[in-house]
Structures are given as C-alpha cells and as structure tokens.
Amino acid sequence: MTKKWWHGKVAYQIYPKSFNDTTGSGIGDLKGITEKLDYLKELGVDIIWISPCYCSPFADQGYDISDYYNIDPVFGNMDDMDELLAQAKKRDMYILMDLVVNHCSDEHEWFKKALADPDGEYGKYFYIEEGKDGKEPNNWGSAFSGPAWKYDEKTDMYYLHLFSVKQPDLNWVNPKVRKEVFDMMTRWCEKGIDGFRMDVISLISKPEGFPDAKVVGLYGDMNICANGPKVHDYLKEMNEKVLSKFDIMTVGETAGVTLDEAKKYANSDGSELNMVFQF
C-alpha cells in the first residue's frame, strides 16, 4: 500500500458551536478555531474534522443543510473559512468538512421547489410518493422516532425522511442530484479543504420498490436502507468524478455495515473511500 499523507496522523473533531467564541455571542465560530490552531498543534492534532458549519436552520445541529455553498452567519463567513484553511496549511494541519448528502434541510431551495411542484424537476430530487391504503407508502421508521414519511397536505403526498421531518432524503437515483452533489464537493476541494467525513453515506441507496421492513418496536427498521443496491455504484461515480481528482482523505460513516461489507467501501483498489467507521 502506498503511504498517504493522512497515514499516521491524529484527527480531532470540532463541534464549532461549543468550541471557541470570539464575538461574545455565546456560540463558537470559525475565527475561534483559527485562534486555537497553535494550541491544537501543541496537543498533537494534525487533522481537524469540523462538524457542519454550512447555512442551516439547526433542526439537527447543522446536519440539516439549507445552503451547501455558504457558511452560516452564526459561525462567520466564507472569508473566515478561507483564513482558517490558510492558517491551517501554514502549520501543516488539515481541514475535513462534514459531507451531509443523504438528506438536506426542508428549507433548502430544492425542497421548497419540490413541494411546490412534485411532478416538476425538483420533485424528482426527493422521494415524494403517494400513500398506500390511506397510510404511509411503507412501514419504515425514522431514526428520530415516528414514521419515516411525512404527509404534506398541499400535495396529498408523503416525503421520505430517515431522520428529522426537516431532513428530506435526497433521491440519488436521479443523476441530476448526483451532479449537484459532485459539483458542490468539487467546489470545496478547489477551495482547499483536505477531505470529507461523510454522514450516513451507507444509506444513500434505498431498496427498490420501498418494501416494508422487519418491525423493530413500532416501525420497520430503517437499516433496510443500509448498503442499498446502488450504493457502491454511486460511490465509485463520486470517486471518479471528484475524489480521484484531489489529494484528499475520506471517511465514511456507515451505519448498518458489517466488517465484510465495510471492505467494499474502503477497498484496497481505492475506487470508493479511504476508510469507514460503523456503529
């Protein structure tokens, strides 16, 4: 195996809201991370994984993203991000961003347009389905309790959310969705980030036909969506279109993945991700 820059390095996660506040607002910010780089370096930190700092209504602590291209004002702005990247590089430190693309926020423009016209272009960015026998399309439960489908009165349809009702799942079957994601990733790589920690990346490919799942408690187990039929195709495409073009590090959060399955995500030929962690 060829040694990569990230081999033997120490990574440290920063949740920006509670890390270091430089404005007196009571909320940590990007300038606060920059201010502590020397301290982190002294501790032996090489790689900093920053939890989501994109624009968000914070229904799920920033993991509900309403704009992938901008920094939420509570954390500062893009100039602050550029300064953080520049100062990290001066210290031979590396910055990883959270990649949250199984779902976005219901306040994202894509989803607003989807509900306004479910049969239109953006309606196909999500899973918006008719009910079955007056109920949800299937029995899947969400990770945050309750069914994984939310009824929308205006459209008389349901949309899929494996997590919060404010986190509609993106439809990766749609090549336009994949292009949107890959373009966004490319933009961040070009900006100078050093990699991605990929949130619940094992869930991006749903079972065809939305079959009911084995009931666990009150609802069908959402882990039926783990290791879906196209997940490795999508990650290979991601690797081809983005990851292979930059010298970056990737870590997949792969809920519901066995050790044998994990080897497919972080395979030795480097066609998908560098590494994964599972629960």
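The structure, a predicted model, holds 17 aromatic pairs. Rings of Phe, Tyr and Trp (its six-membered ring) are paired if their centres lie within 6.5 Å; planes under 30 degrees apart count as stacked, over 60 as edge-to-face and the rest as tilted. Local features need pLDDT of at least 70, side-chain atom pairs count only at pLDDT 80 or more, and totals for chains, interfaces and linings use all residues. Residues are numbered from 1 along each chain as its sequence is written, and side-chain values use heavy atoms, with hydrogens and water left out.

One of the pairs joins Trp-5 and Tyr-94, whose ring centres are 4.0 Å apart with the planes at 15°, so this pair is stacked. Trp-5 lies in the segment before β1 (11-14) and Tyr-94 in strand β5 (residues 94-99), so parts 89 residues apart in sequence are tied together. Helices (H or I, at least four residues) and strands (E, at least two) are DSSP runs, numbered from the N terminus. Trp-5 has a relative accessible area of 14% and is buried (under 20% relative accessible area; exposed is over 50%, partly exposed in between, with a 1.4 Å probe and protein chains only).

Tyr-54 and Trp-188 form an edge-to-face pair, at 5.7 Å centre to centre and 85° between the planes. Tyr-54 is in strand β3 (residues 54-55) and Trp-188 in helix α5 (residues 175-191), 134 residues apart. Tyr-54 is buried at 1% relative accessibility, and Trp-188 is buried with a relative accessible area of 1%. Both belong to a cluster linked by ring pairs, together with Tyr-68, Trp-110, Tyr-122 and Tyr-125.
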